[in-house]
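Here are a few notes to read alongside the model.

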Amino acid sequence: MPEAIPESLQQKIEERLRYYQDLGIRLFYRDRVGQESSSAENWPAAVEDMSSSIAQQLTPAPAKINVTTPSRTEAAERAMPVITPPGASLFDEMDKVKDDTLPKILEDIGECTRCKLHKGRNKLVFGDGSGKARLVFVGEGPGADEDAQGLPFVGRAGKLLTQMIEAMGLQRKDVYICNVVKCRPPENRTPEPDEVQTCSPFLLRQIDVINPKVIVCLGAVAAKTLLQTNRGVSQYRGEWQEWRGRRLIATYHPAYLLRNPNAKGEVWRDLQKVMAELRLQPRKKS
Ligand code: URA
């Protein structure tokens, strides 16, 4: 007989599960004994693992935990479509800037003080990569390393993202990487709605100028912002969305993968869809 869980602990677990559910996380995986560490260096190994069907067959099925009490957000989400219909988007209200360019957007941002995030900023993180990229990755907001260097995704999560890009047969300079907010939120907290609303028109302009074929949203903040939805990202992760005449796919944030390496396989499958769309060949094994 398994030992009964004390009621106070049970309540805490339920609360925690509801919290994850609100974040859109519904699947939990048990750690495997001897599982590889969560360091970025393990991405290629994970990729090779996951691209081998034998490895896939050997991967134990995820332990699914059903939370029976629907959260307030979930109840509200059920009532709304995944994607706001065309025309209802916040961004359709945005005036198109004529002959827009990336330098013009950067100049318009200037020494930005439009939202409270500027107060803790060291360097504004505009974006990095090719202004003609066919593929744009959108993250959440700069962390400490990005704030120090003024470049997106250069910390631990960034190293993992770089490995993911290279596993796709590309290099960082071939794609464009940016974030929903351009200044670091204090203690790396999630950007608040007013900060997202203030900053995201610049992101929209960046995407319009680059005009990529595919956009990959890394995590819930990017997905919810671009798709203008409150639905948890796990509900449409890995599914193609039509977005302002382009193809958009949402996947898990690399920081999430650092904490949950078992989810790398799901992300790799999402990225394989992107590779098929862009006719990319995976990097050859050396
Ligand atoms: N996480 C993000 O979302 N963006 C970065 O630039 C770095 C970490």
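In what order do the 6 strands of the open sheet run?

1. The order is E1-E3-E2-E4-E6-E5, and the pairing is mixed. Strands are DSSP runs of E with at least two residues, numbered from the N terminus, and two of them pair if DSSP finds at least two bridges between them. Strands E1 (128-129) and E5 (241-243) each have a single partner strand and stand at the edges, so one side of each lacks a neighbour in the sheet.

2. A word on the basis: this is a predicted model, where local features need pLDDT of at least 70 and side-chain atom pairs count only at pLDDT 80 or more, while totals for chains, interfaces and linings use all residues. Residues are numbered from 1 along each chain as its sequence is written, and side-chain values use heavy atoms, with hydrogens and water left out.

3. Now to the ligand, whose surrounding residues (a heavy atom within 4 Å) include Gly-139, Pro-152 and Phe-153. Polar contacts are pairs of N or O atoms within 3.5 Å. A backbone N or O atom of Glu-140 is 2.7 Å from a ligand oxygen atom, and a polar side-chain atom of Asn-179 is 2.8 Å from a ligand nitrogen atom. The side chain of His-253 has an N or O atom 2.8 Å from an oxygen atom of the ligand.

Methods
A polar contact is a pair of N or O atoms within 3.5 Å; within protein, one must be able to donate a hydrogen and the other to accept it, and residues adjacent in sequence count only if both atoms are side-chain atoms. Helices (H or I, at least four residues) and strands (E, at least two) are DSSP runs, numbered from the N terminus.
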